[in-house]
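Open the model in your viewer and keep the selection tool at hand.

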Amino acid sequence: MTGASFGRVGVVGLGTMGAGIAEVLARGDLAVVGIEVNADALERGRGHLERSTGRAVKRGRLTEEGQREILDRITLSVDFTDLGECDLVIEAVPERLDLKRRVFAELDRVCRDDAVLASNTSSLSVTDIAVTTGRPTKIVGVHFFNPAPVMKLVEVIRTVLTEPEAVERVAALVDGLGKTAVTIGDRAGFVANRLLFGYLNQAATMLESGHATRDDIDTAMKAGAGLPMGPFALMDLIGLDTCLEILEAVHAESRDRRHAPSPALRERVTAGLLGRKSGHGFYVHDGQGSPDEPAEHDAETPAPIVGVLGTGPLADAVAAHCGRAGGQVRTTAAELGDCDLVIECAQDAEAGRALLVAAAESAKEGAVLAVTSATVPVIEQAMATGRPGDVVGLHLPEADGTLAEIAATVVTAPGVADRAAALAGRLGLTTVRCRDRAGFIVDALRFPYLNDAAAMLGAGYAGADAIDAAMTLGCGYPSGPIADLDRLGLDRAVTVLRALYAETRDPAFAPTPLLAEHVTAARPLR
């Protein structure tokens, strides 16, 4: 039997999450008691279970006999006393501390003294729940991710009061169910949500400030950072009200500006625009509100002639993009006379400025001059050229990737950014637009999130493997933040963060001491 120390498990609350947890437990051959507040809610819970297992049957992942066996292991009831013989009870009611405390008071009354009680809270303090019970040593957090039958990560949360045996038994149960248990301390948001929602909230703030559009931000984070969904599509999927609740809970503990809910988020929740479940959030969910696919460029349009100035990996990658598109490449200032686009790929700002000045003297009228650095204001480089109206930022967050971020300055001439985007498109690049700000879009969102992860590691809250597992298994990210920092380069991370801090003076953007220390020592985080 899965999790031999727990033969019978109760689940209180059979919404989408609670029903999913009950299904996972029943799939693990455990006897499950599902509790709801009234008969109507119980029937809705039954529907969740039947539909979820039914989908698995239709997809060939479960036989009809297997579905019946799973459902037969789950006893549904509106009577809390039916939990009396359970070894473990998992609470999965909405994220309200007062409601959860009421549930635990009832569990205290009906459950055996040796039963372990767990909360599936995603953001609230498990300690705040535990101290109101008569058994704080047997209270743990067990945070499943939605949809519970699919997602592999479960965060197991210990408080300073929890006895080690209770935590170990719950973690063993989770592992026995085929999930990955990450055991951590009691901090609002735990690992995954604390990292995820700082990033999501910053994206909402970025939109509100007019830095970039909703679609460009979502496209940038998918095409440029390799994420499965953009932040606005993800918030609509999660539910904007849930996002607001989690941010408020995390901010109450951290007092970090990154966790203070963006007015753009709060306004939509107040208006009842909650995302997919209400049909309207950041997108309108009628089949017309999703980000558009990148436009295909006319194959008959010839690839541009491109000047690539500078040396190093970025220059090589840009030249390779041009070559694959069938374009011609020029690499010295003297050859730029027929170029449509000149891209400065220097490895430092001073060298880049010198290359741009030389390019401005040689390039034809109407040629676009592009700055690739994400840490020096494009306007500073543009003003040095003598023809600032022709200058834009053109940043490739991944040198060998397919995303180009185009940033116009306040003096970029009308139509120049459009020409830059069209020329980049003819090189096979997906383009997005933003203002001339440090980090453009991708780095401005990515590196503060990575900094948060490094701070978590430096504080000893969770290890590198646990942090990476939380984001890959809990959020579906292609790689974890600690692995990303080592791949992208700690020196690059510190440089971008310092540029963001210099521009905003937001303490959340200052590089965490662990990053600065490892850069000085020239050592990766792992």
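What follows is a walk through a predicted model, one selection at a time.

**Stop 1: salt bridges**

How many salt bridges does a search of the whole structure find? The count is 31.

Select Asp-87 and Arg-112. Their side chains form a salt bridge, at 2.8 Å from N to O. The two residues come from distant parts of the chain, 25 residues apart. Asp-87 sits in the loop between strand E3 (74–77) and strand E4 (88–91). Arg-112 sits in the loop between helix H4 (97–110) and strand E5 (116–119). Now check the cover. Asp-87 is buried, because its relative accessibility is 16% and the limit for buried is under 20%. Arg-112 is partly exposed at 24%.

Go on to Arg-214 and Asp-215. This pair also makes a salt bridge, with the closest N and O atoms 2.7 Å apart. Asp-215 is partly exposed, with a relative accessible area of 21%. Arg-214 is partly exposed too, at 24%.

**Stop 2: a network**

Select Arg-492 and Asp-443. Their closest N and O atoms are 3.1 Å apart, in a salt bridge. Arg-492 belongs to helix H19 and Asp-443 to helix H16 (residues 442–458), so the bridge ties together parts 49 residues apart in sequence. Is Asp-443 buried or exposed? Asp-443 is buried, with a relative accessible area of 1%. Arg-492 is partly exposed at 24%.

**Stop 3**

Switch to a surface view. Select Arg-51, Arg-55, Arg-59 and Arg-61. Together they form a patch of positive charge on the surface. Arg-51 is placed in helix H2 (residues 39–58). Its relative accessibility is 47%, so Arg-51 counts as partly exposed.

Next, pick Val-131, Val-160 and Leu-161. These three make a nonpolar surface patch of about 300 Å². Look at Leu-161 on its own. It lies in the loop between strand E7 (153–158) and helix H6 (164–176). With a relative accessible area of 36%, Leu-161 is partly exposed.

**Stop 4: the contacts of Thr-133**

Select Thr-133 in the loop between helix H5 (126–130) and strand E6 (139–144). Thr-133 is buried, at 11% relative accessible area. Which backbone atoms does its side chain reach? One is the backbone oxygen of Ala-130, 2.8 Å from a polar atom of the Thr-133 side chain. Another is the backbone nitrogen of Arg-135, at 3.2 Å.

**Stop 5: two alanines in loops**

Select Ala-413, found in the loop between strand E14 (403–408) and helix H15 (416–426). At 29% relative accessibility, Ala-413 is partly exposed.

Finish at Ala-510. This residue is in the loop between helix H19 (490–504) and helix H20 (513–521). Ala-510 is partly exposed, with a relative accessible area of 28%. Ala-510 and Met-383 are 28 Å apart in space and 127 residues apart in sequence.

Notes
Residues numbered from 1 in each chain as written. Predicted model: local features only at pLDDT ≥ 70, side-chain atom pairs only at ≥ 80, totals over all residues. Heavy atoms only, no water. Patch = residues over 30% accessible without salt bridge, like charges linked within 9 Å, V, L, I, M, F, W, Y side chains within 5 Å. Areas by Shrake-Rupley, 256 points an atom, 1.4 Å probe, with all protein chains shown as cover. Salt bridge = Lys/Arg side-chain N within 4 Å of Asp/Glu carboxyl O. Helix = DSSP H or I, 4+ residues; strand = E, 2+ residues; numbered from the N terminus. Buried < 20%, exposed > 50% of the residue type's maximum accessible area, 1.4 Å probe, protein only. Lys, Arg positive; Asp, Glu negative; His and termini not counted. Charge placed at Lys NZ, Arg CZ, Asp CG, Glu CD. Polar contact = N/O pair within 3.5 Å; in protein donor to acceptor, adjacent residues only side chain to side chain.
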